[in-house]
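Please find below a brief note on the structure under review.

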Amino acid sequence: EYSYSAAIVACARCHEYTMALELLKEMRNGVSNDGNSYVPPKPNTWVYNAALSAIASLEEKGGGFRSLGSEINNNRQELALRLLEQMKYDNEHLGMNTLPDTVTYNTILAIRSSTATVNEPSDQITAQLIDQMKIEEIPRDAITYRNAIVASNDASAIIHFLQMAGDDIGGQVIKHQKSSGAGTKGPHDLTYVYNAALSVTPSFIGKGGGFRSLGSEINNNRQE
């Protein structure tokens, strides 16, 4: 199992997502494509997450998927969502240890954040993914909400995600500061999420009137 997992990780580093998916297919089918008698091990959550990382790694190649057009962007997102459903199917119907975890959803949200376009209703898909995490009792962390915010095309959705982050991980700020020392910030506290929101806020200026058109409540939240 380790050799297959390592090979899929190597594919991610080399941006070879098709090879990663081929190796995953071999593991699911229990048959090696090179014709030998070796029976590959069944995949687990870690292997699926490595395959998702291979899809996510394409953002780093040639300027990312944004430069390659909406058709490829959609295919990349569909691949990730298909793998998510396949993980659930394999666990429920085939008895494999493939239940999605926080890393699974965070990786898919990262793919969403790098493929979303201005006119795409990405916030609905993103919100659905976070809702699935809640239903499945999968912990959400700062990376979850950072990726959700970066994927967002709507100011009010960003505020909604910030509120959700505060409910889910707000206490981690104090806990993290007590354990790591005052002023120490990391990707697991709420500050990380707010920094993501601040980084995307300027993009709404001039977009349909920017935040001005959304009312005083959102304007005040933006300032806060």
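1. The model is predicted.

2. The chain has 224 residues, of which 44% count as buried. Among contacts between residues at least 6 apart in sequence, 63% join residues at least 24 apart.

3. Helix α8 (residues 155-169) packs with helix α10 (residues 190-200) at an angle of about 175°, the axes lying 10 Å apart. Because angles over 145 degrees count as roughly antiparallel, α8 and α10 are assigned to that class. On the α8 side the contact involves Ile158, Leu162, Ala165, Gly166 and Ile169, which meet Leu190, Val193, Tyr194, Ala197 and Val200 in α10. By class, this contact holds nine nonpolar residues, one polar residue and no charged residues.

4. Helix α10 also packs with helix α7 (residues 142-151): the two axes come within 8 Å and cross at roughly 10°. The pair is therefore roughly parallel. From α7, the contact is made by Ala142, Ile143, Tyr145, Arg146, Ile149 and Val150; from α10, by Tyr192, Val193, Ala196, Ala197 and Val200. Ten nonpolar residues, no polar residues and one charged residue make up this contact by class.

5. The α10 residues Val193, Ala197 and Val200 are listed both in the contact with α8 and in the contact with α7.

How values were computed
Residues numbered from 1 in each chain as written. Predicted model: local features only at pLDDT ≥ 70, side-chain atom pairs only at ≥ 80, totals over all residues. Heavy atoms only, no water. Axes fitted to C-alpha atoms, helices over the stretch in contact; angles between N-to-C directions. Helix = DSSP H or I, 4+ residues; strand = E, 2+ residues; numbered from the N terminus. Parallel < 35°, antiparallel > 145°, perpendicular 65-115°, else oblique. Contact = heavy atoms within 4.5 Å. Nonpolar A, V, L, I, M, F, W, Y, C, P; charged D, E, K, R; others polar. Buried < 20%, exposed > 50% of the residue type's maximum accessible area, 1.4 Å probe, protein only.
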